[in-house]
Amino acid sequence: MNTDINGVYIKQLKVIPDERGWLMEILRSDDEIYTQFGQVYCTTAYPGVVKAWHYHKKQTDNFTCVHGMMKVALYDGREDSPTYQNLIELFIGEKNPALITVPPGVYHGFKAIGDETAFFVSVPTLPYNYADPDEFRLPPDTDEIPYDWGLVPGVKHG
C-alpha cells in the first residue's frame, strides 16, 4: 500500500490537558493547509460501521475523529495525478489525533473501530448544497477500489 496521495495532508494534533479537561485545536485559519471555510459538521459511526466511498469535484475536506477511533482509507481516483490509484489507510482518533485534508477527486471513507461510537468532525471548504450536492458515491465493496473494509454482514454500511 502506498503511503502518500498528492494533495492529501496529515496534521498531527496536539492535546493540551489540565485539571479541568483538555483542549485540541483542529484547524486554524493560519494553518498552511487552510484555504477557506464552508461549514462545520459532526457525524458518527457505530462500531464496525463503514461510511464509504465518496469524493468531491469542488470541495476539499478537512476532518478528524474526536471520540473513539476510526480507520480512514483514501484512494486517488484522479487520472491526471502523479499518485493516481495510490491507496492510504490511517487510524485516527483519541489514540492518534490527526487532521486529514482531502482534495477534490480523492475517494475517502471511514470505519468505526473498537467498541464505541466514533465521532467525526469535518470542516469542508464549501457548504453542503442540498439542491446540487458535490458528492459522488461508490458502495464500500466496489470493485473499482482495491480495498477490503471487512464489512460486517447484516450491518448497514454505505
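**Exercise 1. Which strands each supply at least two residues of the lining of the largest pocket?**

Solution. Keep in mind that you are working with a predicted model.

Step 1. Start with the space itself. The volume of the largest pocket comes to about 450 Å³.

Step 2. Next, look towards the middle of that space. The lining has 27 residues, and the closest to the pocket centre are Tyr41, His54, His56, Gln59 and Glu135.

Step 3. Now assign the lining to strands. At least two lining residues come from each of β4 (41-45), β5 (50-55), β6 (61-67), β10 (106-113) and β11 (118-122).

**Exercise 2. Find the partner of Lys11 in a salt bridge, and decide whether each side chain's residue is buried or partly exposed.**

Step 1. Search around the Lys11 side chain for a carboxyl oxygen. Asp31 provides one, with an N to O distance of 2.7 Å. The cut-off for a salt bridge is 4 Å, so this pair qualifies.

Step 2. Lys11 belongs to strand β1 (residues 9-12), while Asp31 sits in the loop between β3 (21-24) and β4. They are 20 residues apart, and the pair links distant parts of the chain.

Step 3. Compare accessibility with the 20% limit for buried residues. Lys11 counts as partly exposed because its relative accessibility is 21%. Asp31 has 16%, so Asp31 is buried.

**Exercise 3. Classify both partners of the salt bridge between Asp76 and Arg78 as buried or partly exposed.**

Solution. 

Step 1. Check the contact: the closest N and O atoms of Asp76 and Arg78 lie 2.8 Å apart.

Step 2. Read off the accessibilities. Asp76 has 0% relative accessibility and therefore counts as buried. Arg78, at 16%, counts as buried too.

**Exercise 4. Which residues are linked with Glu25 in a network of salt bridges?**

Solution. 

Step 1. Begin with one pair. Glu25 and Arg28 form a salt bridge, with their closest N and O atoms 3.1 Å apart.

Step 2. The network links Glu25, Arg28 and Asp30.

Step 3. Glu25 is partly exposed at 41% relative accessibility, and Arg28 is partly exposed at 34%.

Conventions
Residues are numbered from 1 along each chain as its sequence is written. This is a predicted model: local features need pLDDT of at least 70, side-chain atom pairs count only at pLDDT 80 or more; totals for chains, interfaces and linings use all residues. Side-chain values use heavy atoms; hydrogens and water are left out. On a 1 Å grid over the protein atoms alone, a cavity is a set of points where a 1.4 Å probe fits but cannot get out, and a pocket is an open set with protein on both sides within 12 Å along at least five of seven lines; lining residues have an atom within 4 Å of a point. Grid points are joined across faces, edges and corners, and a volume is the space filled by probe spheres set on the points. Helices (H or I, at least four residues) and strands (E, at least two) are DSSP runs, numbered from the N terminus. Buried means under 20% relative accessible area, exposed over 50%, partly exposed in between (1.4 Å probe, protein chains only).
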